[in-house]
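I opened my notebook to record what I looked up in this structure, entry by entry.

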Amino acid sequence: MTAKIIDGKAISAQIRAELVDEVKKLQAETGVTPGLAVVLVGEDPASKVYVGQKEKACEELGLVSKKFVLSVDTSEQELLDLVAKLNNDPEVDGILVQLPLPKQIDENKVIAAIDPDKDVDGFHPVNVGRLVIGTEGFKPCTPYGVIHLLKRSNVQLAGAEAVVVGRSNIVGKPVALMLIQESATVTVCHSKTKDLGEVCRRADVLVVATGRPNMVTADMVKDGVVVIDVGVNRLETGKLCGDVDFEAVSQKASAITPVPGGVGPMTIAMLMYNTVNSARRRAGVPALA
Ligand code: NDP
(Lines give C-alpha, C1' and ligand atoms only; values in the text may rest on other atoms or scores of the structure.)
Protein backbone atom coordinates (compact mmCIF):
# COMPACT_ATOMS: atom_id res chain seq x y z
CA MET A 1 0.00 0.00 0.00
CA THR A 2 1.21 3.51 -0.74
CA ALA A 3 -0.34 6.07 1.56
CA LYS A 4 -2.50 8.96 0.48
CA ILE A 5 -0.78 12.21 1.46
CA ILE A 6 -2.78 14.36 3.87
CA ASP A 7 -1.94 17.76 2.44
CA GLY A 8 -1.90 20.27 5.30
CA LYS A 9 -1.01 23.13 3.00
CA ALA A 10 -4.09 22.55 0.85
CA ILE A 11 -6.41 21.93 3.81
CA SER A 12 -5.20 25.02 5.67
CA ALA A 13 -5.63 27.10 2.49
CA GLN A 14 -9.19 25.79 2.22
CA ILE A 15 -9.92 26.72 5.86
CA ARG A 16 -8.48 30.21 5.36
CA ALA A 17 -10.55 30.69 2.19
CA GLU A 18 -13.70 29.67 4.08
CA LEU A 19 -12.81 32.11 6.85
CA VAL A 20 -12.51 35.00 4.35
CA ASP A 21 -16.19 34.41 3.48
CA GLU A 22 -17.18 34.00 7.13
CA VAL A 23 -15.48 37.28 8.07
CA LYS A 24 -17.35 39.11 5.28
CA LYS A 25 -20.66 37.57 6.39
CA LEU A 26 -20.06 38.48 10.03
CA GLN A 27 -19.23 42.07 9.04
CA ALA A 28 -22.37 42.32 6.92
CA GLU A 29 -24.62 40.84 9.62
CA THR A 30 -23.20 42.43 12.78
CA GLY A 31 -20.75 45.16 11.74
CA VAL A 32 -18.03 43.30 13.67
CA THR A 33 -14.54 42.72 12.27
CA PRO A 34 -12.62 40.10 14.28
CA GLY A 35 -9.46 41.49 15.88
CA LEU A 36 -6.30 39.74 17.09
CA ALA A 37 -3.70 41.32 19.37
CA VAL A 38 -0.24 39.76 19.11
CA VAL A 39 2.34 40.54 21.78
CA LEU A 40 6.03 39.93 21.20
CA VAL A 41 8.54 40.43 24.01
CA GLY A 42 12.18 40.50 22.96
CA GLU A 43 14.06 39.74 19.76
CA ASP A 44 13.90 35.95 19.41
CA PRO A 45 14.28 35.42 15.62
CA ALA A 46 11.90 32.42 15.43
CA SER A 47 9.26 34.31 17.45
CA LYS A 48 9.59 37.31 15.12
CA VAL A 49 8.96 35.05 12.13
CA TYR A 50 5.87 33.48 13.79
CA VAL A 51 4.46 36.90 14.72
CA GLY A 52 5.02 38.10 11.13
CA GLN A 53 3.17 35.03 9.78
CA LYS A 54 0.25 35.70 12.12
CA GLU A 55 0.00 39.35 11.03
CA LYS A 56 0.09 38.30 7.38
CA ALA A 57 -2.67 35.72 7.94
CA CYS A 58 -4.86 38.39 9.62
CA GLU A 59 -4.35 40.70 6.66
CA GLU A 60 -5.20 37.96 4.16
CA LEU A 61 -8.43 37.15 6.02
CA GLY A 62 -9.53 40.74 6.58
CA LEU A 63 -9.00 40.62 10.35
CA VAL A 64 -7.79 43.58 12.39
CA SER A 65 -4.35 42.83 13.82
CA LYS A 66 -2.73 44.85 16.57
CA LYS A 67 0.93 44.16 17.17
CA PHE A 68 2.74 45.08 20.40
CA VAL A 69 6.52 44.72 20.48
CA LEU A 70 8.07 45.07 23.94
CA SER A 71 11.76 45.17 24.78
CA VAL A 72 13.55 42.11 26.14
CA ASP A 73 13.87 43.74 29.60
CA THR A 74 10.11 44.35 29.98
CA SER A 75 8.98 43.57 33.52
CA GLU A 76 6.30 41.01 34.31
CA GLN A 77 4.06 43.81 35.63
CA GLU A 78 4.36 45.83 32.40
CA LEU A 79 3.28 42.80 30.40
CA LEU A 80 0.42 42.03 32.81
CA ASP A 81 -0.72 45.67 32.47
CA LEU A 82 -0.78 45.36 28.68
CA VAL A 83 -2.75 42.09 28.91
CA ALA A 84 -5.27 43.82 31.23
CA LYS A 85 -5.65 46.65 28.70
CA LEU A 86 -6.24 44.18 25.86
CA ASN A 87 -8.75 42.22 27.97
CA ASN A 88 -10.80 45.44 28.14
CA ASP A 89 -10.34 46.52 24.51
CA PRO A 90 -13.64 45.86 22.66
CA GLU A 91 -11.84 45.70 19.29
CA VAL A 92 -9.73 42.77 20.49
CA ASP A 93 -11.34 39.33 20.24
CA GLY A 94 -8.16 37.31 20.61
CA ILE A 95 -4.96 37.85 22.59
CA LEU A 96 -1.83 35.95 21.74
CA VAL A 97 1.33 36.39 23.77
CA GLN A 98 4.13 34.81 21.75
CA LEU A 99 6.06 32.22 23.77
CA PRO A 100 8.73 31.75 25.03
CA LEU A 101 8.98 34.84 27.24
CA PRO A 102 12.21 36.26 28.73
CA LYS A 103 13.20 34.61 32.00
CA GLN A 104 12.14 37.46 34.33
CA ILE A 105 8.51 36.82 33.27
CA ASP A 106 6.44 33.89 34.56
CA GLU A 107 4.67 32.46 31.50
CA ASN A 108 1.97 30.74 33.54
CA LYS A 109 1.11 33.98 35.31
CA VAL A 110 0.76 35.80 31.98
CA ILE A 111 -1.36 33.05 30.42
CA ALA A 112 -3.61 33.04 33.50
CA ALA A 113 -4.05 36.83 33.20
CA ILE A 114 -5.56 36.61 29.69
CA ASP A 115 -9.37 36.72 29.64
CA PRO A 116 -10.28 33.04 28.96
CA ASP A 117 -12.84 34.27 26.43
CA LYS A 118 -10.05 35.94 24.43
CA ASP A 119 -7.50 33.15 24.88
CA VAL A 120 -7.28 32.08 21.23
CA ASP A 121 -4.14 30.00 21.93
CA GLY A 122 -6.24 27.80 24.24
CA PHE A 123 -3.56 27.64 26.96
CA HIS A 124 -5.51 29.27 29.84
CA PRO A 125 -6.36 26.73 32.58
CA VAL A 126 -10.06 27.58 32.14
CA ASN A 127 -9.90 26.52 28.48
CA VAL A 128 -7.89 23.41 29.37
CA GLY A 129 -10.67 22.61 31.86
CA ARG A 130 -13.36 23.20 29.24
CA LEU A 131 -11.52 20.80 26.94
CA VAL A 132 -11.41 18.14 29.68
CA ILE A 133 -15.11 18.55 30.45
CA GLY A 134 -16.04 18.77 26.77
CA THR A 135 -17.74 22.18 26.86
CA GLU A 136 -17.27 25.01 24.37
CA GLY A 137 -14.00 26.92 24.68
CA PHE A 138 -10.79 27.63 22.79
CA LYS A 139 -8.82 24.58 21.72
CA PRO A 140 -5.03 24.88 21.32
CA CYS A 141 -4.16 25.46 17.67
CA THR A 142 -1.73 22.64 16.76
CA PRO A 143 -3.81 19.77 18.24
CA TYR A 144 -7.00 21.35 16.89
CA GLY A 145 -5.27 21.39 13.50
CA VAL A 146 -4.61 17.64 13.85
CA ILE A 147 -8.34 17.01 14.41
CA HIS A 148 -9.31 19.19 11.44
CA LEU A 149 -6.82 17.35 9.20
CA LEU A 150 -8.36 14.01 10.22
CA LYS A 151 -11.96 15.17 9.83
CA ARG A 152 -11.41 16.88 6.51
CA SER A 153 -9.69 13.71 5.25
CA ASN A 154 -12.85 11.76 6.24
CA VAL A 155 -11.00 9.57 8.73
CA GLN A 156 -13.44 7.64 10.92
CA LEU A 157 -12.66 8.62 14.52
CA ALA A 158 -15.67 7.27 16.44
CA GLY A 159 -14.71 3.80 17.65
CA ALA A 160 -11.21 3.99 16.16
CA GLU A 161 -8.16 2.86 18.14
CA ALA A 162 -6.16 6.08 18.44
CA VAL A 163 -2.62 6.10 19.82
CA VAL A 164 -0.92 9.39 20.72
CA VAL A 165 2.84 9.32 21.24
CA GLY A 166 3.82 12.29 23.44
CA ARG A 167 2.07 13.84 26.44
CA SER A 168 3.09 17.50 26.37
CA ASN A 169 0.62 20.16 27.44
CA ILE A 170 0.73 21.83 24.03
CA VAL A 171 0.31 18.77 21.77
CA GLY A 172 0.02 15.26 23.22
CA LYS A 173 -2.44 15.78 26.09
CA PRO A 174 -4.85 18.12 24.26
CA VAL A 175 -4.86 15.98 21.11
CA ALA A 176 -5.71 12.93 23.26
CA LEU A 177 -8.59 14.84 24.91
CA MET A 178 -9.93 15.95 21.53
CA LEU A 179 -9.77 12.37 20.22
CA ILE A 180 -11.74 11.18 23.28
CA GLN A 181 -14.30 13.89 22.46
CA GLU A 182 -14.51 12.39 18.95
CA SER A 183 -15.30 9.00 20.55
CA ALA A 184 -12.00 7.31 19.63
CA THR A 185 -10.51 4.77 22.06
CA VAL A 186 -7.35 6.60 23.07
CA THR A 187 -3.99 5.39 24.41
CA VAL A 188 -1.29 7.92 25.31
CA CYS A 189 2.39 6.88 25.17
CA HIS A 190 5.50 8.64 26.45
CA SER A 191 9.14 8.01 27.19
CA LYS A 192 8.33 5.48 29.95
CA THR A 193 5.99 3.38 27.79
CA LYS A 194 7.30 -0.19 27.95
CA ASP A 195 6.77 -1.56 24.46
CA LEU A 196 6.03 1.41 22.22
CA GLY A 197 5.95 -0.69 19.03
CA GLU A 198 3.37 -3.06 20.48
CA VAL A 199 1.08 -0.16 21.45
CA CYS A 200 1.55 1.73 18.18
CA ARG A 201 0.74 -1.39 16.14
CA ARG A 202 -2.79 -1.32 17.66
CA ALA A 203 -3.48 2.09 16.18
CA ASP A 204 -5.99 2.82 13.43
CA VAL A 205 -4.99 6.46 13.92
CA LEU A 206 -1.48 7.27 15.14
CA VAL A 207 -0.53 10.80 16.22
CA VAL A 208 3.15 11.32 16.96
CA ALA A 209 4.54 14.38 18.80
CA THR A 210 7.88 13.57 20.39
CA GLY A 211 10.52 15.76 18.74
CA ARG A 212 12.58 12.61 18.02
CA PRO A 213 13.49 12.43 14.30
CA ASN A 214 12.19 9.34 12.47
CA MET A 215 11.56 7.40 15.71
CA VAL A 216 8.39 5.68 14.49
CA THR A 217 9.52 3.04 12.02
CA ALA A 218 7.57 0.76 9.65
CA ASP A 219 7.71 -2.23 12.02
CA MET A 220 5.82 -0.15 14.63
CA VAL A 221 2.65 0.37 12.55
CA LYS A 222 -0.04 -1.87 11.14
CA ASP A 223 -1.17 -1.91 7.52
CA GLY A 224 -3.73 0.76 6.74
CA VAL A 225 -2.97 3.06 9.70
CA VAL A 226 -3.58 6.81 9.36
CA VAL A 227 -0.50 8.68 10.60
CA ILE A 228 -0.34 12.30 11.74
CA ASP A 229 3.24 13.41 12.32
CA VAL A 230 3.42 16.57 14.44
CA GLY A 231 7.20 16.52 14.84
CA VAL A 232 9.41 19.16 13.27
CA ASN A 233 13.11 18.33 13.49
CA ARG A 234 16.04 19.87 11.68
CA LEU A 235 18.68 17.34 10.69
CA GLU A 236 22.40 18.16 10.51
CA THR A 237 22.00 18.39 6.72
CA GLY A 238 19.59 21.28 7.30
CA LYS A 239 16.66 19.22 6.04
CA LEU A 240 13.41 19.17 8.05
CA CYS A 241 11.95 15.84 9.08
CA GLY A 242 9.17 14.57 11.29
CA ASP A 243 9.06 12.01 14.11
CA VAL A 244 7.97 9.28 11.67
CA ASP A 245 10.11 7.51 9.10
CA PHE A 246 7.98 8.85 6.25
CA GLU A 247 9.46 6.80 3.37
CA ALA A 248 9.06 3.41 5.05
CA VAL A 249 5.82 4.07 6.98
CA SER A 250 4.04 5.46 3.91
CA GLN A 251 4.44 2.01 2.31
CA LYS A 252 2.14 0.56 5.01
CA ALA A 253 -0.13 3.46 6.00
CA SER A 254 -3.38 4.33 4.22
CA ALA A 255 -2.80 8.05 4.80
CA ILE A 256 0.03 10.13 6.24
CA THR A 257 1.03 13.76 6.75
CA PRO A 258 4.37 14.91 5.30
CA VAL A 259 6.85 17.13 7.15
CA PRO A 260 6.93 19.91 6.13
CA GLY A 261 3.46 20.51 4.68
CA GLY A 262 1.34 18.47 7.11
CA VAL A 263 0.43 19.71 10.57
CA GLY A 264 2.66 22.81 10.40
CA PRO A 265 0.47 24.96 8.12
CA MET A 266 -2.63 24.13 10.20
CA THR A 267 -1.52 25.95 13.36
CA ILE A 268 -2.00 29.50 12.04
CA ALA A 269 -5.20 28.53 10.22
CA MET A 270 -6.64 27.32 13.55
CA LEU A 271 -5.51 30.52 15.29
CA MET A 272 -7.51 32.47 12.72
CA TYR A 273 -10.42 30.06 13.19
CA ASN A 274 -10.36 30.61 16.96
CA THR A 275 -10.21 34.40 16.51
CA VAL A 276 -13.19 34.41 14.14
CA ASN A 277 -15.12 32.20 16.56
CA SER A 278 -14.27 34.52 19.45
CA ALA A 279 -15.66 37.48 17.51
CA ARG A 280 -18.78 35.46 16.65
CA ARG A 281 -19.43 34.51 20.27
CA ARG A 282 -18.84 38.05 21.46
CA ALA A 283 -21.30 39.29 18.79
CA GLY A 284 -23.88 36.70 19.91
CA VAL A 285 -23.49 34.53 16.77
CA PRO A 286 -22.94 30.76 17.27
CA ALA A 287 -19.34 29.59 16.78
CA LEU A 288 -18.38 27.70 13.60
CA ALA A 289 -18.59 23.94 14.14
P1 NDP B 1 7.87 17.94 24.24
O2 NDP B 1 9.34 17.77 24.23
O3 NDP B 1 7.23 18.91 25.17
O4 NDP B 1 7.19 16.51 24.49
C5 NDP B 1 7.66 15.35 23.86
C6 NDP B 1 6.86 14.16 24.33
O7 NDP B 1 7.35 13.01 23.65
C8 NDP B 1 7.00 13.88 25.83
O9 NDP B 1 5.74 13.56 26.37
C10 NDP B 1 7.97 12.70 25.90
O11 NDP B 1 7.72 11.81 26.96
C12 NDP B 1 7.64 11.98 24.59
N13 NDP B 1 8.79 11.20 24.13
C14 NDP B 1 10.06 11.63 23.95
N15 NDP B 1 10.85 10.61 23.55
C16 NDP B 1 10.05 9.53 23.49
C17 NDP B 1 10.28 8.16 23.17
N18 NDP B 1 11.50 7.73 22.82
N19 NDP B 1 9.24 7.31 23.21
C20 NDP B 1 8.00 7.75 23.56
N21 NDP B 1 7.73 9.02 23.87
C22 NDP B 1 8.73 9.90 23.85
O23 NDP B 1 7.47 18.26 22.72
P24 NDP B 1 6.17 18.98 22.10
O25 NDP B 1 4.96 18.18 22.38
O26 NDP B 1 6.20 20.41 22.40
O27 NDP B 1 6.53 18.84 20.53
C28 NDP B 1 6.66 17.60 19.92
C29 NDP B 1 7.07 17.81 18.46
O30 NDP B 1 6.06 18.54 17.78
C31 NDP B 1 8.36 18.63 18.30
O32 NDP B 1 9.07 18.13 17.19
C33 NDP B 1 7.86 20.01 17.99
O34 NDP B 1 8.77 20.76 17.22
C35 NDP B 1 6.61 19.70 17.19
N36 NDP B 1 5.60 20.78 17.22
C37 NDP B 1 5.11 21.21 16.03
C38 NDP B 1 4.17 22.23 16.00
C39 NDP B 1 3.63 22.67 14.68
O40 NDP B 1 3.78 22.01 13.69
N41 NDP B 1 3.00 23.78 14.57
C42 NDP B 1 3.71 22.90 17.22
C43 NDP B 1 4.21 22.29 18.42
C44 NDP B 1 5.15 21.28 18.42
P45 NDP B 1 7.91 12.24 28.52
O46 NDP B 1 6.71 13.08 28.84
O47 NDP B 1 7.93 10.95 29.25
O48 NDP B 1 9.21 13.00 28.59
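**Entry 1**

I began with Val 128, which lies in helix α5, residues 125-133 (helices are DSSP runs of H or I with at least four residues, strands are runs of E with at least two, and both are numbered from the N terminus). The model is predicted, so I noted that local features need pLDDT of at least 70 and side-chain atom pairs count only at pLDDT 80 or more, while totals for chains, interfaces and linings use all residues. Residues are numbered from 1 along each chain as its sequence is written, and side-chain values use heavy atoms, with hydrogens and water left out.

I found Val 128 to be partly exposed, because its relative accessible area is 38% (buried means under 20%, exposed over 50%, and partly exposed in between, with a 1.4 Å probe and protein chains only).

**Entry 2: the ligand**

Which residues are closest to the ligand? I listed Arg 167, Ser 168, Ser 191, Val 232 and Thr 267 as the closest of the 21 residues that surround the ligand (a residue counts as near if one of its heavy atoms lies within 4 Å). By class, this shell has eight nonpolar, 11 polar and two charged residues (Ala, Val, Leu, Ile, Met, Phe, Trp, Tyr, Cys and Pro count as nonpolar, Asp, Glu, Lys and Arg as charged, and the others, Gly among them, as polar).

I then looked up polar contacts (pairs of N or O atoms within 3.5 Å; within protein, one must be able to donate a hydrogen and the other to accept it, and residues adjacent in sequence count only if both atoms are side-chain atoms). A polar side-chain atom of Ser 168 lies 2.5 Å from an oxygen atom of the ligand, and an N or O atom in the side chain of Arg 167 is 2.7 Å from a ligand oxygen. For Arg 212, a polar side-chain atom lies 3.3 Å from a nitrogen atom of the ligand.

**Entry 3: Asn 233**

Is Asn 233 buried or exposed? Asn 233 counts as buried, because its relative accessibility is 8%, and I placed this residue in strand β9, residues 233-234. Its side chain reaches the backbone oxygen of Gly 242 at 3.0 Å.

**Entry 4: backbone angles**

Most residues other than glycine have a negative phi, and most peptide bonds are trans. I noted that the peptide bond from Leu 99 to Pro 100 is cis, with omega near 0°, and that Pro 100 lies in the loop between β4 (94-97) and α4 (107-113). Ser 183 is not a glycine, yet has a positive phi of about 70°.
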